[in-house]
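Dear colleague,

I am handing over the structure that we spoke about, and my notes on it follow below. Please keep the model open beside the text as you read.

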Amino acid sequence: YAQFGGVTLGRTAQDQFGNGVGVPRNRMQFGDLVFFSLKKNRITHVGIYVGYGEFVHASEEFGVIRSKINDKYWADSFVGARRVLTPRPR
């Protein structure tokens, strides 16, 4: 994000949730950050939305993977999405 949009993100998922503007789930676009609470009352995980209901994120067990945001595990822990990069006009 720093390289392509000049945006410096916080170190933790909780810190990163303060960047950008909130985006409704049905309006997410490629590049939006998606946030999850895997532990009570705390944002603990972040991924990058890549469209078609999928996001990429880091897994401790498998490395960087692609997951479906509507899978029960992720849907139940979804907190919100943030747009930190402004799309450039074409």
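**Overall fold**

The protein has three helices and six strands, where helices (H or I, at least four residues) and strands (E, at least two) are DSSP runs, numbered from the N terminus. This is a predicted model, in which local features need pLDDT of at least 70 and side-chain atom pairs count only at pLDDT 80 or more, while totals for chains, interfaces and linings use all residues. Residues are numbered from 1 along each chain as its sequence is written, and side-chain values use heavy atoms, with hydrogens and water left out.

Read from the N terminus, the order of the elements is α-α-β-β-β-β-β-α-β. The radius of gyration of the protein is 13 Å, close to the 12 Å that the globule rule gives for 90 residues, so the protein is as compact as a globular protein of that length; the radius is taken over C-alpha atoms, and the rule is 2.2 Å times the number of residues to the power 0.38. Along the principal axes, the C-alpha atoms fill a box of roughly 35 × 25 × 25 Å.

Of the contacts in the protein with a separation of 6 or more, 48% are between residues 24 or more positions apart, a contact meaning heavy atoms within 4.5 Å.

**Surface and charge**

The protein exposes about 6400 Å², and carbon and sulfur atoms supply 51% of that area, as computed by the Shrake-Rupley method with a 1.4 Å probe, where for residues only the protein chains shown count as cover. There are 13 positive and 7 negative side chains, and the centres of the two sets lie 7 Å apart; Lys and Arg count as positive and Asp and Glu as negative, while His and the chain ends are not counted, and the place of a charge is NZ of Lys, CZ of Arg, CG of Asp or CD of Glu.

**The interior**

Buried residues make up 36% of the 90 residues, where buried means under 20% relative accessible area, exposed over 50%, and partly exposed in between (1.4 Å probe, protein chains only). The largest nonpolar core has ten residues, namely Val23, Met28, Val34, Phe36, Tyr49, Phe55, Ile69, Trp74, Phe78 and Ala81; such a core is a set of buried Ala, Val, Leu, Ile, Met, Phe, Trp, Tyr and Cys residues joined through side-chain atoms within 4.5 Å. Strand E2 (33–36) and strand E6 (78–83) are the elements that give two or more residues to this core. A second, separate core has six residues, among them Ala13, Leu33, Phe35 and Ile43.

Leaving aside neighbours within four places in sequence, Trp74 is in contact with Phe36, Leu38, His45, Phe55, His57, Ser67, Lys68 and Ile69.

**Individual residues**

Glu54 lies in strand E4 (residues 54–59) and is buried, with a relative accessible area of 15%. Not counting residues up to four places away in sequence, Glu54 touches Ile48, Tyr49, Arg66, Ser67, Lys68 and Ile69.

Tyr52, by contrast, lies in the loop between strand E3 (45–51) and E4, and at 83% relative accessibility Tyr52 counts as exposed. Its phi is near 55°, a positive value in a residue other than glycine.

Gln14, in helix H2 (residues 13–16), is partly exposed, with a relative accessible area of 38%. Beyond its neighbours within four places in sequence, Gln14 is in contact with Arg42 and Ile43.

With best wishes
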